[in-house]
Amino acid sequence: MKFRVFATFVGPSLLLMFIFIAAPLAAVFWQSFHVTQPVYTTVVAETCTPGFINQICTTESRIQLELDEDGIPIRTTEFVGLQTYRSVLELDRFWAAVKDFSWSKLMVIDFWKALRFTLTFTLVTLPLVIGVGLLIALAVNSAAKTVRGQIIFVSLLPFIITPVIGALSIRWLFVGDGILTAFLEWVIERDIAMLGHAWTIELLMLFYRVWHVAPFAFVVFYAGLQTVNNDTVESAVIDGANRIERLRYVVIPHLMPLIVFVSLIHLMDAYRVFEEIVGFRSQGYVISLQWLTYDFLTPDETGNRAVSSASASAMLTMVGIVIILVPLLRKTWRDHRAGLN
Amino acid sequence: MAAPRSLRMSTGLRVASIGFIAFWCLLAAFPIAWISVMSFKLPVDAFASNPLHVVFGPFTRDAGKGLSILDIAIGGTAIWQFVRFATRRMPHLVKAHPPFGSTLLGWIFGSLLYGLVFVVVIAWILPSVMPAINKLAGPLGKPIIGFTIEHYKSVWIGDGFYRNFLNSLMVTTGVVTVSLTVGTLAGYGLARSGSSLAFWILIVALVFRALPHSVLVAGYLPVFINSAEFLRPLLGELAPTLYGKPFAVIAVLVSINQPFTIWMLRSFFQNIPAELDEAARVDGCTHFQAFRWVIMPVMWPGVITTGLFSFLLAYNDFLVTSLLLDATNQTMVPAIAGFFNRETTTTDQVKAVAAAVSITAPLFLLVMVFQRQIVSGLTAGAVKG
């Protein structure tokens with residue numbers, strides 16, 4: 001295919017990605033070093049009231065917004081270097097907490113709190129998603145052929161549901177004396193409030209994510225199981241391998257590329273955890289990195305959006321993405337090189 | 001083919017495996033099923049701690065809002081017929097009469113019509129006819145289960161949820177059509193090129209796919225809010241403020257979705273043998289003619305699958321739409337945040353539940369109709385490694 005033809009085919013897509021992904025990325029990078037704010041001037045005014053012999057004069061200074069001819073506040077943008085990063089990371093409080101070896105002090109700082117949750121969330125859900133997905137795939141693979149379609153249909157529901165709604169639907173089961181709260185109280189015979197503690201909410205959020213993503217892992221693994229070489233399995237049987245050994249030495253190695261694929265997709269998605277915070281309304285207890293950026297972007301009471309703080313926290317979030325992507329990119333690069341030779 | 005004896009499972013393992021599947025299916029369906037039951041009850045029943053109260057709704061029934069055996073029988077038959085129609089007849093009908101030769105348009109139009117007929121029959125005709133029949137039926141016409149659709153009515157009509165629905169419809173239709181048009185061309189180009197430029201484009205797309213959406217929105221917001229000033233030198237007085245405009249959100253969602261779309265479509269196009277378009281080229285077609293007359297007729301399964309995932313992204317999005325759309329243009333998912341934020345009374349809570357179920361219902365139908373395509377889409381990227 002000639003370059004010109006290739007460019008016409010790919011052009012529109014590249015243009016969109018350039019305008020709406022690459023350019024905003026550059027803009028965010030720039031914004032994180034600059035602060036745009038209204039100009040305030042200090043006006044010193046002397047007011048005098050008539051008094052006996054001398055006037056009584058008071059000098060007071062007022063801070064006032066500068067307006068242009070149209071009455072719109074003038075805004076200036078200035079370069080502030082790493083100041084926004086420092087204020088997002090709250091380095092003073094961070095070092096104070098580190099010096100005291102105080103985990104609880106560290107966990108009241110928004111950014112570090114969000115980082116802690118995002119990492120825990122990503123790393124805890126990963127093995128669970130892979131494990132549960134694999135278990136369902138193995139179980140369905142051994143089930144009768146006639147019911148497999150229905151099982152796949154039901155399994156797809158948690159995957160397809162709007163994430164915010166999915167989180168809400170689980171939350172509603174626990175709200176107040178909701179059905180599952182009532183059930184748990186009956187089982188362990190004590191009063192509980194699943195939505196009243198940080199750790200119980202976090203548990204629900206982990207559960208929700210595994211519930212939401214396990215179907216994806218299941219479908220991918222199930223498709224992979226269809227291509228397991230039966231001869232290999234049979235020769236393993238002849239060699240005396242039991243079920244666990246066959247799983248360990250034949251099936252899992254066969255599925256390994258898929259396991260890597262699902263893990264990478266899951267790492268990317270779990271690191272962006274956000275909808276759970278909205279659905280479970282956990283912002284008072286637990287927040288994530290992406291939620292932090294979202295919160296900076298939401299207008300506060302005065303209608304201002306903390307754009308440069310949002311940009312700084314977004315750039316910091318990106319660091320994690322880069323770390324997750326490096327192994328993936330290296331693998332793709334190696335495959336590409338192998339394909340060329 | 002029966003499995004060899006040595007590969008068969010022991011009884012214990014078999015029971016455990018069936019039990020596990022049953023448990024998983026319960027777990028997968030329960031939250032969704034439960035909130036749909038809740039949404040049809042008065043708050044007293046919906047949030048009762050006794051599960052039987054939630055299911056049968058004694059207070060709802062005593063308030064005069066109940067279903068008799070006859071209601072259940074007739075309503076159940078009607079719904080069953082709708083389901084059968086959607087799964088059996090509809091695919092054939094759409095294939096047989098595609099408007100303007102486009103199956104995709106046929107599906108959009110067909111599902112809209114279907115949804116409309118469904119709502120009219122279930123929420124309007126049946127409720128107005130049934131009381132009269134119930135009176136004649138005697139004991140069979142006595143209400144036994146509490147059931148009310150008043151929360152749906154007050155959400156959709158009273159709170160104007162239908163406007164959010166229309167906004168969602170507009171945004172998703174826009175995203176799916178633009179995304180597929182642009183993505184199909186790019187996917188085809190990338191699949192047939194094989195140059196290292198194509199490889200690098202795919203790698204960059206992979207990096208873009210991993211970006212958190214909030215990062216991008218942080219880039220859009222200041223520009224969109226002030227876009228009238230930025231664009232004035234170019235467009236004069238017509239320069240629009242992009243903030244709050246659905247078409248701006250469509251452009252954003254299409255772009256965010258592009259990396260995924262081109263990867264997926266590329267893998268579908270790679271499965272179409274290149275000999276096909278080479279034969280057309282030998283016969284004197286240009287690349288575009290080959291694409292139009294040889295590839296387009298055979299590409300629809302892959303395009304429909306990719307379209308489903310574009311639809312899901314646009315429909316399910318909360319972050320982008322909640323930050324970039326103003327209140328009048330809000331889509332359904334961010335709008336529900338408004339419902340549950342003012343959840344002060346239990347009635348408000350049940351209304352929020354009803355809104356949530358309304359959002360989920362189209363997705364449920366989608367899985368029902370397109371299960372095969374969704375599964376093939378999930379595995380398309382994966383099985384090739």
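Trainee: Val223(B) first. Is Val223(B) buried or exposed, or partly exposed?

Mentor: Partly exposed, because its relative accessible area is 36%. Bear in mind that this is a predicted model.

Trainee: Which helix is Val223(B) found in?

Mentor: Helix H10 of chain B, residues 213-225.

Trainee: And how far apart in space are Val223(B) and Arg281(B)?

Mentor: 45 Å, C-alpha to C-alpha. In sequence, Val223(B) and Arg281(B) are 58 residues apart.

Trainee: Which elements of chain B have the lowest and the highest mean pLDDT?

Mentor: Helix H11 of chain B, residues 227-235, has the lowest, at 71. Helix H8 of chain B, residues 161-193, has the highest, at 88.

Trainee: What about the mean pLDDT of chain A?

Mentor: That mean is 82, with 96% of the chain A residues at 70 or more. Within chain A, confidence is lowest in strand S4, residues 75-79, with a mean of 74. Confidence is highest in helix H5 of chain A, residues 110-141, at 89.

Trainee: Back to H8(B). How many residues does H8(B) have, and how far does it reach?

Mentor: H8(B) has 33 residues. From first C-alpha to last it reaches 47 Å, close to the 48 Å expected at 1.5 Å a residue.

Trainee: What comes just after H8(B)?

Mentor: Gly194(B), with a positive phi of about 70 degrees.

Trainee: Let's zoom out. How many helices and strands are there in chain B?

Mentor: Chain B has 18 helices and two strands. Its C-alpha atoms fill a box of roughly 75 × 75 × 45 Å along the principal axes. Chain B has 385 residues, and 48% of them count as buried.

Trainee: Packing next. At what angle do H5(B) and H6(B) pack?

Mentor: About 165 degrees, with the axes 10 Å apart. H5(B) is therefore roughly antiparallel to H6(B). The crossing of H5(B) past H6(B) is right-handed. For reference, H5(B) covers residues 69-96 and H6(B) covers residues 103-137.

Trainee: Now between chains. How do the axes of H6(A) and H1(B) cross?

Mentor: At roughly 45 degrees, and the axes come within 8 Å. H6(A) is residues 145-160 of chain A, and H1(B) is residues 11-38 of chain B. So H6(A) and H1(B) are oblique to each other. H6(A) passes H1(B) in a left-handed crossing.

Trainee: What about H7(A)? Is H7(A) mostly covered or mostly uncovered?

Mentor: Mostly covered, with 12 of its 12 residues buried. Among them are Arg171(A), Trp172(A) and Phe174(A).

Trainee: What span should H7(A) have, and how far apart are its end C-alpha atoms?

Mentor: At 1.5 Å a residue, the 12 residues, 163-174, should span 16 Å. The end C-alpha atoms of H7(A) are 17 Å apart, so the two agree.

Trainee: Which helix does Val210(A) lie in?

Mentor: Helix H9 of chain A, residues 198-225. Val210(A) counts as buried because its relative accessible area is 11%. Its C-alpha is separated by 9.9 Å from that of Phe159(A), 51 residues apart along the chain.

Trainee: Switching to Pro143(B). Where does Pro143(B) lie?

Mentor: In strand S2 of chain B, residues 143-146. Pro143(B) has 43% relative accessibility, so it counts as partly exposed. Pro143(B) and Asp71(B) are 72 residues apart in sequence, but 8.6 Å apart C-alpha to C-alpha.

Conventions
Residues numbered from 1 in each chain as written. Chains lettered and ligands numbered in written order. Predicted model: local features only at pLDDT ≥ 70, side-chain atom pairs only at ≥ 80, totals over all residues. Heavy atoms only, no water. pLDDT = per-residue confidence, 0-100. Helix = DSSP H or I, 4+ residues; strand = E, 2+ residues; numbered from the N terminus. Expected span 1.5 Å × (residues − 1). Buried < 20%, exposed > 50% of the residue type's maximum accessible area, 1.4 Å probe, protein only. Axes fitted to C-alpha atoms, helices over the stretch in contact; angles between N-to-C directions. Parallel < 35°, antiparallel > 145°, perpendicular 65-115°, else oblique. Left-handed = near helix turned anticlockwise from the far one by under 90°.
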